[in-house]
Amino acid sequence: MRKKMIRIVMALVGLLVCTVMGGLLASCIGVPAWLGAIGMVVIGVGSYFVRLPNGLRAGVYVEVWTRQVVEHYTHALEGTFLEGVPDFSQYAENDVVHLSDVSGDPTVLVDNTTYPLEIEELEDGDVSIKLSKFETKPTQVTDDELYALAYDKMGLVKTRHGNRLSETMLDKAIHAFAPTEDTAETPVLLTTGTMDEDGRKKLTRLDVIALRRKLDKLKVPKKGRRLVLCSDHVADLLEIDQKFQNQYHDYSTGVIMKMYGFEIYEAVNCPLFDCTTKKKKSFGSVATVNDFEGSVFFYVPRMFKCKGGTKMYYSKAENDPVNKRNLVSFTTRFVALPQKKEGAVGAIVSGK
């Protein structure tokens, strides 16, 4: 009933707009306003029921739908752990982004009195990174839905495809930001809390402090430290930490709180680690008995993200006489990676 009322209201608004516009146009050209109003209403109503030849109406929807999907997944990525990560989309060409690889940082002298200064060379070069391709499986849209329920169906398809694209982009990004294994410059720490019913050791604040201590020794700058908690670790802190619990329930942005110098975010699908070897599993792996999701640390200025082109694939119902259905699918390009992993990424994995 509510949907029907909305359609009636929209139709009445459309008729009112046609009436006003028709009257104004008629007055401008010296024709009676009532005649122009009637003419515009007839054109408006007729354009709704008459299909334009050669799929012209469908062609317009391809552009609109593509733009709507891009806007949807772009908005869905806002307020997540990718917020504030350097965006290199402007440097992407043909779905490849070119970065300048600088192998070292310049030396800073303080109160120097010795001249001439020693010349220091920083080797650099172009690094080309191909954007990952994200595709959605086709969604069926019947011919009746496309023409009779165009706006409602467009919103439904946009939401479903945009949601899945943004969710998968986030999953791929947090996996890429995580260290591959435990090294001196990419620490992977194990939790030390009490065990749950599955034998998994819970995360404590002391574990977060231990990660902070590691990063301090690596001279990672204080500003820009971000820790993305996995679902297990969020639950651990909610159980034992009243301050964290209060802040968690009150947050209105992607940031939960700040803890020991870390911006705290959360992600639903953090990367899996083998808790015995401290090595990251490949993207999309299924957890085994020794695998747990890890909370991921990264230093924001040394990460980057890049969005490429988005394309809509569309087959018309008129080319499918058996099913009389339209098929819609989307492909987009995106990548998020560390510019440099050493001293910029880390993880905390549940011990067992």
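Predicted model: local features only at pLDDT ≥ 70, side-chain atom pairs only at ≥ 80, totals over all residues.
Q: Where is Y260 found?
A: Y260 is placed in the loop that runs between β8 (257–259) and β9 (262–266).

Q: And what is the phi of Y260?
A: Phi of Y260 is near 50°, which is a positive value in a residue other than glycine. For context, most residues other than glycine have a negative phi.

Q: What about K324: where does it lie, and what is its phi?
A: K324 lies in the loop between β13 and β14 (325–338). Phi of K324 is near 50°, again a positive value in a residue other than glycine. The relative accessible area of K324 is 55%, so K324 is exposed.

Q: Changing topic to confidence, what is the mean pLDDT of the protein?
A: The mean pLDDT is 81, and 71% of the residues reach 70 or more.

Q: Where is the pLDDT below 50, and how many contacts does that stretch have?
A: The pLDDT is below 50 over residues 49–60. Beyond near neighbours in sequence, that stretch has 11 contacts in the model.

Q: How many helices and strands does the protein have?
A: There are 8 helices and 15 strands in the protein. Of its 352 residues, 38% are buried. Among contacts between residues at least 6 apart in sequence, 74% join residues at least 24 apart.

Q: Which residues of helix α7 are buried?
A: In α7, which spans residues 231–240, the buried residues include H233, V234, D236 and L237. These four cover an arc of only 160° around the axis, which puts them on the same side of α7.

Q: Why do residues three or four places apart in an α-helix point the same way?
A: An α-helix has 3.6 residues a turn, so residues with that spacing point the same way.

Q: On to the rings: how many aromatic pairs are found in the whole structure?
A: A search of the whole structure gives 7 aromatic pairs. One of these is formed by F81 and F177, whose ring centres are 6.5 Å apart with planes at 75°, so this pair is edge-to-face. F81 lies in the loop between α3 (56–77) and β1 (92–93), while F177 lies in helix α5 (residues 150–177), so the pair ties together parts that are 96 residues apart in sequence.

Q: Are F81 and F177 buried or exposed?
A: F81 and F177 are both buried. Ring pairs also link F81, F177 and F298 into a cluster.

Q: What about F88 and F304: stacked or edge-to-face?
A: The pair of F88 and F304 is stacked, because the planes are at 15°, with the ring centres 5.4 Å apart. F88 is in the loop between α3 and β1 and F304 is in strand β13, so the pair links distant parts of the chain, 216 residues apart. F88 is buried at a relative accessible area of 15%, and F304 is buried at 0%.

Q: Which residue lies over the face of F283?
A: K172 lies over the face of F283, at 5.5 Å from the ring centre.

Q: Now T310: which strand is it in, and which residues is it in contact with?
A: T310 has its place in strand β13 (residues 303–315). Leaving aside neighbours within four places in sequence, T310 is in contact with T66, V70, Y73, T331 and T332. The side chain of T310 makes polar contacts with the side chains of Y73 at 2.9 Å and T332 at 2.7 Å. The C-alpha atoms of T310 and F134 are separated by 9.4 Å, although these residues are 176 residues apart along the chain.

Q: Is D291 buried or exposed?
A: D291, found in strand β12 (residues 291–299), is buried, with a relative accessible area of 5%. Its side chain makes polar contacts with the side chains of K281 (2.7 Å) and T288 (2.7 Å). Not counting residues up to four places away in sequence, D291 touches F273, D274, K281 and V286.

Q: Finally, where is T191 found?
A: T191 is in the loop between β6 (188–190) and α6 (205–217), and T191 is buried, with a relative accessible area of 3%. A polar atom of the T191 side chain lies 2.7 Å from the backbone oxygen of K201. Residues touched by T191, beyond those up to four places away in sequence, include D207, H233 and I348.

How values were computed
Residues numbered from 1 in each chain as written. Heavy atoms only, no water. Buried < 20%, exposed > 50% of the residue type's maximum accessible area, 1.4 Å probe, protein only. Helix = DSSP H or I, 4+ residues; strand = E, 2+ residues; numbered from the N terminus. Arc of directions from axis to C-beta. pLDDT = per-residue confidence, 0-100. Contact = heavy atoms within 4.5 Å. Polar contact = N/O pair within 3.5 Å; in protein donor to acceptor, adjacent residues only side chain to side chain. Phe/Tyr/Trp six-rings, centres within 6.5 Å; stacked < 30°, edge-to-face > 60°. Lys NZ or Arg CZ within 6 Å of the ring centre and 35° of its normal.
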